[in-house]
Each structure stands twice: as structure tokens, then as C-alpha cells.
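Could you walk me through this structure in my viewer, one selection at a time? I would like to know what to pick next and what is there.

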Amino acid sequence: MLSQYAFIAIFAVIAFALPVIGLVMAWFLRPKKPNPAKNATYECGMETIGDTWVQFKAQYYLYALVFVVFDVEAIFVFPWAVAYNKLGLYALVEMVLFVFILLGGLLYAWQKKALEWH
Amino acid sequence: MFDYIRNFFVNLGTSWTNWLNSFLPEPAVTVVNFLVIGIILVMMPVIATLTLTWMERKVIGRIQNRIGPNRVGPWGIFQAIADAVKMLVKEDIVPDGADRPVFNLAPILIAAGAALLWAVIPFGRGMVGADLNIGVIYLVAVGSITTVAVIMAGWASNNKFALIGAFRVVAQLLSYEVPMILSIAAVALIAGTMSTMGVVEAQQVPFALLMPVAFIAYFVAGSAEVGRAPFDLLEADSEIVAGYFVEYSGLKFGWFYIAEYGNLFAISAIATTLFLGGWRGPFSHEVPALGPLYFIIKTILVVFLLMWIRGTWPRFRIDQMLGFAWKVLVPATLANLLWVAVILKLPVPQLVQWVLMLGGNLLIIFIAATMLGRAAKRYAEAHNLNPASSAV
Amino acid sequence: MSLFTNPVPLTWFLIVSAALFCIGAFGALARRNAVGVLMGVELMLNAVNINLIAFWRYVGVAQMTGQVFAIFVITVAAAEAAVGLALIISIYRQRNTVIVEEIDTMKG
Amino acid sequence: MQQLMFIVISAVTLISAALVVTTRSLFRSALWLILTFFGIAGLFILLHAEFLAIAQILIYVGAISTLIIFAIMLSRGVMDPNARRFNDQWGLVAGFAAVFFVLLTAIMTRVPWQTTMAPAPMAAEAIQLLGRELVTPYAIPFEVASVLLVVAMIGAIIVARERES
């Protein structure tokens, strides 16, 4: 079984090597003539105004938050799904309960407009 | 001879391994085979870019009543090669104030992520890089590398458009990953396995027919994950320039581009594997060599469908898009998951189970469509719009 | 050549896990930035998970108890990160700082 | 081979973990944290816990690191590159951590662990077994996990939401 993962490991090395090789090749081929105007931050041709660190809305965080909850839920759902055929009716009841609790959370987030883009 | 052709690809592999065995020790043969398979699979995004960009230009051109590329080679088929050469020799600009190591790492990471997906996609019976027992969540987990790469690109560019673009894309990726996971979970539930090979073997009927909700959700979420129209907010030129990779040029930009098309191809291949029966088709059991052919045809059809949608639909607004993921797709896929679980426990023949699954799914679609219609009507009334002209 | 043939002893995993735990503890106690503190805590939780899985593999492989516990640890870590970071964001909004020493008063 | 892989993976894990707690830029710290998580996933694979490895990547890399990076971006004051990394007691803490590590190692190498090294269950069965145990003996924690997640989500939403003004 570990040999499958040995393949993944080798494959990962190749997958990282390919873009690196490409970039090295391009490094040899391409011209290198930097100048200040070229290197300036691109902002539709205007001079850059202010700091890059504009304040972000907490809204982004709320999406990530709800996502985390559902992502964690997935690691419970998948083993359950794979084992489901060998389990009794209680597995169904438990998952229904599990999902309904989560659904309650989703409804709350919905009600509180956490899923709304302002 | 016919027996050899019947299972051509697997037999070819066996012959090749035997040939290697004649002069190499056993571990070396394994390593060489891993390298060969790895190199073939890692080229998939590049191949996808070279072919699909041409196809896309032709398809979109046809939809917009144009011809599309027609200068470089017959029917312009070498257009993609010309583009590749251009990217390779174009000057690379790193903006002032960029975080160089992170800036350079981001395109490598995103390209590697796009390639890594191919490790578990089965092209035919016995033709898969690694038949992992966790194959289907491996696909989701690899997708999270993309999220990281996007954030890195946006942050390292030292450009507020790039950063805002990155944030938007990440919000989009995260929101659509949830319905994607839930629809994949429904597949694992019916198949009783997470191995991609096992999922294909389990599809006596393509799962798309049993649970259209999961298929549609996966399809929509997939096109959102690769940032295709109507979900192409990351490239919304009029709003945020070109998104998180504005500051990239040359081949570094090229890798983002390749990753995008590689992901487009991979999403279609995964949709084929999980919902459309993968390499299964008429006579695919008698003649396994047909498998890869069916697989490619189905995948290209899904790609074509995505291009068609891109050519036809206007872009969503970001609030509509995120709202659609959380308020329509997530409840619908959750409902589908539970419905399938209930049906699988019913003591009725399999055929009846299938019909019930399909029926429940159609009901879910009907309810979702009705609620969407009502929401659209409310929105139109609130904004004094003509109901006919307002979508979603 | 023993590197190629022998299995990994349990103690190795425990040592790595202990090292990770101590690194995490250092981060959690020495970082000034609240997000840095939280990253240290995450490292410590991960060290615990390595231990759980290592003992599962070497002592109790017949049952999945170790893995089940690791899943619960991950769940708790996710909940902790979500709430902790939300608190950090909220504090930043009110006090304009995320330096732990500067937010140690309970009074508003 | 396994020992070699173990050494490589744990070296990556520990070095990047050390960089997590020492790097000045918090954003880079978070990136090293992601590498650490990948290393730990690798250790899980060496331990034949494939599902945990993938869950590690899914949750920690995909979700928790994103949360952390978002929080870093949302509190942009932390981006001051000249800010001090550590508090005044960091030397003391480092000493304490080192002593603690030596102590733990000393204890763990002395204990005669009764390792069985039974063959791991076949990968496919392992996940079925995991699913079965989750809903049979651990049914209550299973439901409580769901409650915990929802409560954490609600709490975090209340805390993080911007006040309507």
C-alpha cells in the first residue's frame, strides 16, 4: 500500500520540478532589462495611491469560518459514507441528526446575514 | 494479436515492464515506471493548455459568429504553440516591493497543484497513477494547494488589486468547495468506496442519472473553482484588472494560465469519473482498450459544455455568486446526501432504489428552482426591475 | 543500510512529536503577536495527533481508537482556531493591536 | 527505506515548525506552518493512517491556514516589519522548552513500550472500520462534535461580525 504513496511522492517531486525547469529555461531565453517604470506596481497606469495594506472586510473571514465548519464535517461524513452499507439504521439516524445540527448553524449564519456580501 | 489489441494499453505496459525487467533489477523497474507514468501525467495540464485554448477560441469564436484563430498553421492549430513561445521569451518583471521568494513560488505551487490532481484519475481499467483508497478526497485536498498559491500570489505582488483579487478568489474557492465535497460524499456513499477506480466500477448506471443534483452541483462548483464564466470574477477586467496575478508576466504568468486550463480539464475528467461512468461504455468490458477513448470523449464533451456556458452566460456579481453557493447548492447537496442515505436503507430492489433517488433529486431541483424564481421576483420588485430581465 | 530495511521504531515518532510540542510551546509562550501564539498552539495540537496515531499504529492497531481521537482533536483545533481568530479580529478592531502584552487587561 | 523517509519528513517538519515560531513576518510564518502540516501528513502516511493524512491536509492546510492568513490580513497592524517578535521572557521560555524536550525524550527512551507492530489493516477496510467506530462506540462524541462545530461557528460569527453602525 505504501508503494502507492511512494508514487505520489515521486509524482509530487516531478510536479514541482516541471514548472521550475520551465522557469529556468525561460530565465535563459528571456531579455532582462528592468527599469523603474516597468517595475512599478501596476494600477491601471496611474501612480500607486496609498499603502497596499488596505483594510479588508471581516466578511471574508465569515465565509472562511462557515467553510471551516463544513470542511470539518466532511471528515466525519466520508468514513461514515464508506462504511454505510455495513451499518444498521442507527447510522442513518445519527447522520440525519448530525446534518440537521449543522443545518441549524447554516440557518443561523443565514439569518445573521453572515453569508451576505455587503 | 486481437487479444493484445483488446487490452492494448495494459498489455503495452506489461510488455514495457517485461522489457525493463530483462536488464534492470526489480526496484529499479518500479522507479523507472513511476518516473515514466509521472512524467506523462505531469504533462497533462500542459497538453490541456495547448489543445483546449485552441478549442476554446474556436468554440467561442463560433458562438460569437467569428472564425477564431486561423493564421498559424491549418485552422490556426499552432496558435497555442506560438503563445507558448511568446510566454517563454517574454521579459519577466518583478514589481518593486514584492516578496521575491513567495512571488516566485506561487506559480510553481499552482502548476504543481494542477498536475497533482491527475495522480488518481483513472483513464481506463488498470490505468491510474495511484489507486488510493482515499482518492476522491485526495482530489479535494489537492485543491487546497491552489488556495494557498492564490493567497501567496496576491500577497507577494505588493499590489492592492492583486490582494483584493486573491481575497475574492479565495472566498469563491472556499464557498464552492463545500457543495463540491458534499456531492462527492454522495458518490462515496453509493459506491461504498473512496477509490476512484472503485467509483467507476460501481457505476452500473452513471451517477449523474441517479443524482442529477450532485452532478449539477459538482459541475457548477467545478466551473467556479476553475474561475470560468459565469464565475470568472477573478478575471473581471472591468472590476479588478486581472485578479491576483496582475503583476505576473512571462512564463510565471504562463504557469497560472496552464494551471487554469489544466484544472479545467481535470475538473471535467473528475466529473466524468465520478458522475458519467468514467471509462465505462458499450463493450468496454470486452474490449478494455476502448476505455480511455470513452473517457477522453466524455471529458471533452464536459469541457465543451463549460465553454458553451462561458460563451453564453453573463458574469455573476460576487454577492449573487457566493449566495448561490451557500443558499442553494449547500442545502441542495445536503438534502441529496440524506435522501440517498435514506433510499439505500430501504428494503426494495435496486431498480426501485434508483428510481426513488432520481425522483427525490428531481424534487430537490424543482424546489430549488421555485425558490430561486421567487427570490428573483422579490429582487426585481425591490429594485423596480422588469421580472423578465432579472436573472437569479 | 539499516536505514533502508528496518522499520521505524515507535520512539522516533515520540521524539519528533515531543520536539514539535516543545517548539509549539515556545511559540505559544514567547510570541508577542496573538496570531503567532495561536500558530504555536496549533503546532502543539498537531504534536498530540502524531502521538495518538503513533500509538494507534504500534500498540492498538486492532481498533481505530487512536484515529478517532485524532479526528476529534482536529475538530477541536478547528473550532479553537475559528473562535480564537475571531476574537483576535474583534480585539484588533477595538484596540487596534494584536500584541498580547497590550491586551492583557480585562477591562474595556 | 522507511527510516530514510522518516528522517527526511521529520527534518522538514521540525525545521519548518522552528521557522513558524521564529520568522519575523507573520505571513511567512503561516506559510511555514502549511509546510509543517504537510510534513505531519507525511508522517501519518508512514504510520498507515492515510485518512488522517488527507484529513490533515484538508482541514489544516485547506481551512485552518486560510483562517489564519485571513486573520493576519485583517489585522494589518501586524505587518510592521520592525516589530519585535518575542516578548521579554522568551529566553526563559526557550530554556524551559529545551529542558522539557530533554525530559520527555529521556522518559520516552527509557520506557519499554510494548509495541506489537501488527500489520495495519488493509487501507480500504481501515476507513470502513473508522466509519463504523465513529457511529457505534463514539456515537455521542460524534454528535457532540457537530454541536461543538455549530456553537463555535455561532460564537465566532457573533464575535467577528462588524457592528452595524
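Start by selecting W12(C) and displaying everything around it. Once the neighbours within four places in sequence are set aside, W12(C) is in contact with Q3(D), F6(D) and I7(D). Keep in mind as you look around that this is a predicted model.

Now widen the selection to the element that carries this tryptophan: W12(C) sits in helix α2 of chain C, residues 10-30. Is W12(C) buried, partly exposed or exposed? Its relative accessibility is 28%, so W12(C) counts as partly exposed. If you like a distance to check, draw a line from W12(C) to G66(C): the C-alpha atoms are 18 Å apart in space, while 54 residues separate the two in sequence.

Next, colour by chain and look at how the chains meet. Chains B and C, by contrast, are joined by no contact, and their closest C-alpha atoms lie 12 Å apart.

Stay with chain D, but bring in chain B. Select helix α7 of chain B (residues 135-156) together with helix α2 of chain D (residues 26-46); these two pack at an angle of about 160°, and their axes are 12 Å apart. The angle makes α7(B) roughly antiparallel to α2(D), because angles over 145 degrees count that way.

Show the side chains here. From α7(B), pick I145(B), V148(B), I151(B), M152(B) and W155(B); the residues they meet in α2(D) are F27(D), L31(D), I34(D) and F38(D). What kinds of residue make up the contact of α7(B) with α2(D)? There are 9 nonpolar residues, with no polar and no charged ones.

For the last stop, hide the other chains and keep chain A. Chain A has 4 helices and 0 strands, so tracing from the N terminus you will read α-α-α-α.

Of its 118 residues, 50% are buried. Among the contacts in chain A with a separation of 6 or more, 62% come from residues 24 or more positions apart.

Methods
Residues are numbered from 1 along each chain as its sequence is written. Chains are lettered from A and ligands numbered from 1 in the order in which they are written. This is a predicted model: local features need pLDDT of at least 70, side-chain atom pairs count only at pLDDT 80 or more; totals for chains, interfaces and linings use all residues. Side-chain values use heavy atoms; hydrogens and water are left out. Axes are lines fitted to C-alpha atoms, for helices over the stretch in contact, and angles run from 0 to 180 degrees between N-to-C directions. Angles under 35 degrees count as roughly parallel, over 145 as roughly antiparallel, 65 to 115 as roughly perpendicular and the rest as oblique. Contact means heavy atoms within 4.5 Å. Ala, Val, Leu, Ile, Met, Phe, Trp, Tyr, Cys and Pro count as nonpolar, Asp, Glu, Lys and Arg as charged, and the others, Gly among them, as polar. Buried means under 20% relative accessible area, exposed over 50%, partly exposed in between (1.4 Å probe, protein chains only).
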